[in-house]
Amino acid sequence: MSHHTAPADTQIRYANALTGLAAGDAWGYQVEFTSYAQMPAYPVAPPAGRWWVISDDTQMTLALHRALAEVPDFDDIENVTDAITRQFLLWQVDPDNTRAPGRTCMTSLRNLRAGACWYDTDGAVESAGCGAVMRLVPTAFAPEPYWLGLTALQAVITHKHPRAVVPALLLADATRHAQEYCGRFLKHALTVAAQIHNGTSTWTTDPYLRDVLAPITGDVPSYLVEGLDDGTADILTAAAGRLEQLRTLPPAEFGDPCAGIGEGWESASAVALALLVADLATSDDDAAAALTGPEALAWASTSNGDSDSIACIAGGIIGSAHPESGYWAAAGLAPEFEPRYAEEIATAACRLPAGGTA
């Protein structure tokens, strides 16, 4: 595999994405199982304790980063699979894995620990849960020929469902190209969905994606269409409609992010909600964005659904949209994570996956 030198701002965007996802995760984790009606405030205040406490979303992101960092050659899919599985299994038994980990992730990993391969009948669970999407920032920043397939791979190791894989691909695309897609994340996702439907998407012929999915399908185009038709396209359309309504309102009247879209417990609604939040926090023209980055994390957390995953995913996209060093601090947000995770995030932020260009 050729190692390219990534542009300096790609490394900065990766650092901003990791900080944003961890901050959103910690912000939403405070109220993950609190209904919208029972929220302590609108929007929820940032964590007030000494440390910002992250959840399984950030833990698994860091595990995925470590897996990609230890693989010298992504062409060896079996080796990459083993590395990701190994890091996920280390997370499974980590003493800090006490933060409401997803049932699907834990069940799939028990199956893999017992010796199953992800594609076996008794391997990964066929679930569309949001675990497939909340941890994928590292694969979104992987080198050009590999990022799409690696994104699918990290999903199927625990969630081998088309409606987990397709939202993961759409999210990785948004995260990777966040600078270009500012203010148009949902619009772009719907464009890609249309291209998949009409057979003009390059994803349908991506050789690495085809090789990753080979154990479960010989027909990638149909697999991608199945993932879209199984609710994903409808949820994205609903979110795009909601975006048009919210653009006319002041943020104080936005209400529950989940209204009319879904609660983010599964991949499609989690991604649609995060794209909605990111669209309102970024702008592709002279008009100011409706929300600052920190305001976006606050609003994403104040949801009737999976608050930490929604805010975590949105924070990753928003961070990736900003190539300015120290973006979050400049925006008024300087979270202090627990020492262990502060160190892990700082270490990951200094190294792009496999030294690739994004």
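Start by selecting Arg99 and everything around it: leaving out residues up to four places away in sequence, Arg99 touches Tyr29, Val53, Ile54, Ser55, Asp56, Gln59, Glu338 and Tyr341. Keep in mind as you click around that this is a predicted model.

Now colour by secondary structure. Arg99 sits in the loop between helix 3 (77-92) and helix 4 (103-113). Is Arg99 buried or exposed? Its relative accessible area is 9%, and because the cut-off for buried is under 20%, Arg99 counts as buried.

One is a side chain: Arg99 makes a polar contact with the side chain of Glu338, at 2.7 Å.

Select the whole helix. How many residues of helix 1 are buried? The count is 16 of the 22, so helix 1 is largely enclosed by the rest of the structure.

Now for the largest pocket. Select Pro101, Gly102, Arg103, Trp265 and Asp306, which of its 20 lining residues lie nearest the centre. The elements giving two or more residues to this lining are helix 2 (56-69), helix 4 and helix 14 (307-320). Which of the elements gives the most to the lining? That's helix 4, with three residues. The pocket has a volume of about 320 Å³. Colour the lining by class and you'll get seven nonpolar, seven polar and six charged residues.

Last stop: Gln154, in helix 6 (residues 147-156). At 0% relative accessibility, Gln154 counts as buried. Show its side chain along with the backbone of Thr151: the Thr151 oxygen lies 3.1 Å from a polar atom of the Gln154 side chain. Then bring up the contacts from further along the chain. Setting aside neighbours within four places in sequence, Gln154 is in contact with Leu64, Phe88, Ala132, Arg135, Leu136, Thr139 and Ala168.

Notes: Residues are numbered from 1 along each chain as its sequence is written. This is a predicted model: local features need pLDDT of at least 70, side-chain atom pairs count only at pLDDT 80 or more; totals for chains, interfaces and linings use all residues. Side-chain values use heavy atoms; hydrogens and water are left out. Helices (H or I, at least four residues) and strands (E, at least two) are DSSP runs, numbered from the N terminus. Buried means under 20% relative accessible area, exposed over 50%, partly exposed in between (1.4 Å probe, protein chains only). A polar contact is a pair of N or O atoms within 3.5 Å; within protein, one must be able to donate a hydrogen and the other to accept it, and residues adjacent in sequence count only if both atoms are side-chain atoms. Contact means heavy atoms within 4.5 Å. On a 1 Å grid over the protein atoms alone, a cavity is a set of points where a 1.4 Å probe fits but cannot get out, and a pocket is an open set with protein on both sides within 12 Å along at least five of seven lines; lining residues have an atom within 4 Å of a point. Grid points are joined across faces, edges and corners, and a volume is the space filled by probe spheres set on the points. Ala, Val, Leu, Ile, Met, Phe, Trp, Tyr, Cys and Pro count as nonpolar, Asp, Glu, Lys and Arg as charged, and the others, Gly among them, as polar.
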